[in-house]
Amino acid sequence: MQDLTEPILELVRLTSTDLPADVEQALRQAVEREAPGSAARGALETILKNVALSRANSTPICQDTGTPLFYVRHPAGWSTRSLRAQIESAVAQATAHAYLRPNSVDSLSGKNSGNNLGGHYFPTIHFEEVEGEALVIELMLKGGGCENVGAQYSLPHSQLGAGRDLAGVRKVVLDAVHQAQGQGCAPGILGVAIGGDRGSSYYASKEALLRKLDEPNPDESLAALEARLTQEANQLGIGPMGFGGETTVLDAKITHLNRLPASYFVSVSYMCWAYRRRKMVWKDGQVSYS
Ligand code: SF4
C-alpha cells in the first residue's frame with residue numbers, strides 16, 4: 001500500500017491557506033453588491049486581501065484553522081487503519097509547519113494536545129469503500145465560531161409556526177440565520193439536512209457543504225428553496241461580519257435523508273466565509289488537487 005502522508009500534508013496546506021476559487025468568486029461578487037464606503041464593503045475587501053496574502057505566503061486564511069473533517073472514499077483493498085495513521089501523521093506535521101493551529105483540547109482537563117490529534121474524533125475521518133480505482137480524500141476545516149451557531153430543529157415547531165414540509169424548513173433555516181447574526185463570521189454558507197436522526201442529520205448537513213457553490217442541486221424543489229433562502233437571508237440586513245448590508249449568506253446547500261415517521265429534523269451547519277474545503281484524487285500513482 002502506498003504511503004500518502006506527503007500528498008495528504010499538501011492537501012492540508014492547500015485547504016488551510018488557499019481558499020477555493022468558487023468561494024473567492026462569490027466573495028468578489030458580494031463586494032460589488034455592497035455600497036461604496038460601507039462597513040460591509042470594507043469587511044469584504046479586507047477578507048479578500050487576507051485571502052490573497054494567505055495564498056501567497058502559505059499561511060492560514062484564518063487564525064482558527066477549525067476541526068479537520070476528512071471524507072475518504074477508497075477502492076477495495078485499502079487499509080483504513082493505515083490510511084488513518086497517514087492522515088494523523090500529516091495533520092501532526094501540518095500543525096508543526098503552522099498550517100494548522102493546535103486546536104485539539106481534552107474536554108475534561110482542558111489540556112491542548114499540541115498536534116491536533118486526540119480522542120476518537122480529532123481529526124474526524126469518515127471512510128467509505130467505493131467502486132473504481134481512484135482514492136478520493138476531501139478535507140473541510142470547520143471553524144469554531146460558525147460551528148457554535150449551527151442549529152437543529154424538531155418539526156413541527158409551534159413557536160416558529162413551522163410544519164413538516166419545505167415551508168417549515170424555510171422558516172427554521174431563516175430562524176437559524178437570524179439567531180446567528182454575525183457571530184458565525186458572515187457571509188456564511190448554509191449546509192442543511194432534512195430528515196435522519198439527530199446524529200445523521202447533522203452529519204449530512206456538513207457533508208452538503210462539500211458541494212461547490214456553482215454546482216446546482218439535482219432536486220428542483222430543493223434548488224428553488226436554496227435560491228429562495230439565499231435571497232431571503234440576504235434581506236435580513238445582518239451583512240458581512242454583522243456590519244449590516246446586502247450579503248449575509250453566499251449560498252445554501254440542502255440535502256435530505258429518510259426519517260422515522262415520528263421525527264422530522266432539520267439541521268443547519270453554518271459555514272463561515274472561510275469556507276475551506278479541498279479535494280485530493282490519487283489514481284495510478286498520480287495525485288491531483290481541486
Ligand atoms: S468562524 Fe470561520 S472566519 Fe470566523 S474565526 Fe472561526 S474559522 Fe475564522
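Among contacts in the protein between residues at least 6 apart in sequence, 76% join residues at least 24 apart. Two residues are in contact if their C-beta atoms, placed from the backbone, lie within 7 Å. The model is predicted: local features need pLDDT of at least 70, side-chain atom pairs count only at pLDDT 80 or more, and totals for chains, interfaces and linings use all residues. Residues are numbered from 1 along each chain as its sequence is written.

**Overall form**

The C-alpha trace spans about 55 × 50 × 45 Å along its principal axes. The radius of gyration of the protein is 19 Å, which agrees with the value near 19 Å for a compact globule of 290 residues. This radius is taken over C-alpha atoms, and the globule rule is 2.2 Å times the number of residues to the power 0.38. Of the 290 residues, 42% count as buried. A residue is buried if 20 or more other C-beta atoms lie within 10 Å of its own, exposed if 12 or fewer, and partly exposed in between, with C-beta atoms placed from the backbone.

The secondary structure comes to eight helices and nine strands. Helices (H or I, at least four residues) and strands (E, at least two) are DSSP runs, numbered from the N terminus.

**Two domains**

The domain assignment gives domain 1 (5–15 + 61–143 + 276–289) and domain 2 (145–271). Such bounds come from an automatic or database domain assignment. The centres of domain 1 and domain 2, taken over C-alpha atoms, are separated by 26 Å. Eight residues of domain 1 are in contact with eight residues of domain 2. On the side of domain 1 that touches domain 2, E1 and E3 each supply at least two residues. The largest share of that side, three residues, comes from E3. By class, the side has three nonpolar, one polar and four charged residues. Here Ala, Val, Leu, Ile, Met, Phe, Trp, Tyr, Cys and Pro count as nonpolar, Asp, Glu, Lys and Arg as charged, and the others, Gly among them, as polar.

**Strands E3 and E7**

Strand E3 (residues 135–142) has seven of its eight residues buried, so it is largely enclosed by the rest of the structure. In strand E7 (residues 265–271), seven of seven residues are buried. In a regular strand the side chains alternate between the two faces of the sheet. Both faces of E7 are covered, with Phe265, Ser267, Ser269 and Met271 on one side and Val266, Val268 and Tyr270 on the other.

| Strands | Bridges |
|---|---|
| E1 (residues 67–74) and E3 | seven bridges |
| E3 and E8 (residues 276–283) | seven bridges |
| E4 (residues 151–154) and E7 | four bridges |
| E5 (residues 188–194) and E7 | six bridges |

Thr67 has Lys142 in E3 as its bridge partner, and Leu139 stands opposite Arg278 in E8. Tyr153 has Val266 in E7 as its bridge partner, while Leu190 stands opposite Tyr270 in E7.

**Around the ligand**

The residues around the ligand include Cys62, Asp64, Cys146, Cys185, Cys272 and Trp273. A residue is near a molecule if its C-beta atom, placed from the backbone, lies within 6 Å of it. The shell divides into six nonpolar, five polar and one charged residue. Domain 1 and domain 2 each contribute at least three residues to the shell.

Notes: Two strands pair if DSSP finds at least two bridges between them.
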